[in-house]
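The following report describes the fold and surface of a single protein chain, beginning with the order of its secondary structure.

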Amino acid sequence: IIIVTVSSLLVGAVLSFFIGKILLAPIKKLQNMMGEVANGNFDVHIEENHLFDEVEDMYHYFNVMVKELKATETIQTDFISNVSHEFKTPLNAIEGYATLLSDKTISNEEKDLYTDKILFNLRRMNQLVHNVLLLSRVDNHSIEKKLNKFLLDEQIRQSILFLEPKWMEKNIEFDVDFETINFIGNESLLIHVWNNLISN
């Protein structure tokens, strides 16, 4: 009985060690790493070599997930920075022209000019807001997938005309003698592509 009892205790101890060190340790390690990710640390990495293939696969997919999260965070940070910069430009222009308008000594011609500049920058801000909302809808896959037939050359021509004030300032000329192109696609979405490409 004593021998059986001691043997059972030894086997139990070995099994406890095996379960604790071999099976539970990887889970505990992964739990700690997940806590780091939850706190915003995307620089963590787990060595994938392990005795069990299942644990190795689990570590591998965790590393892939963290890598993707870090890339997404970088994209979002750059996007916010770029949008903030894009909004700052028309806001500064509006503030500047509004300050000039407050001068009681300016002529009517100057008032009209400054008012036109303010309206132009307001339209620019409205377009920026629309683009941000559009990107959000595309990212969430909630945009309407509406396809229709339209003239692609005419759409590009209209985009060039819409952005005339911007390219006129830079003394840029466009050759708008396009061939007629019939196209089937999302007309309302594609116009934003041309506006963004040409404005850049």
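Along its sequence, the protein chain runs in the pattern α-α-α-β-α-α-β-α, a total of six helices and two strands, where helices (H or I, at least four residues) and strands (E, at least two) are DSSP runs numbered from the N terminus. This is a predicted model, in which local features need pLDDT of at least 70 and side-chain atom pairs count only at pLDDT 80 or more, while totals for chains, interfaces and linings use all residues. Residues are numbered from 1 along each chain as its sequence is written, and side-chain values use heavy atoms, with hydrogens and water left out.

Of the 200 residues in the protein chain, 21% are buried, that is, under 20% relative accessible area, with exposed meaning over 50% and partly exposed in between (1.4 Å probe, protein chains only). Among contacts (heavy atoms within 4.5 Å) with a separation of 6 or more, 71% join residues 24 or more positions apart. The accessible surface of the chain is about 15,100 Å², and carbon and sulfur atoms contribute 60% of it.

Ile 172, Phe 174, Val 176 and Phe 178 make a nonpolar surface patch of about 280 Å², and Asp 103, Glu 109, Glu 110, Asp 112 and Asp 116 form a negative one.

Conventions. Patch = residues over 30% accessible without salt bridge, like charges linked within 9 Å, V, L, I, M, F, W, Y side chains within 5 Å. Areas by Shrake-Rupley, 256 points an atom, 1.4 Å probe, with all protein chains shown as cover. Salt bridge = Lys/Arg side-chain N within 4 Å of Asp/Glu carboxyl O. Lys, Arg positive; Asp, Glu negative; His and termini not counted. Charge placed at Lys NZ, Arg CZ, Asp CG, Glu CD.
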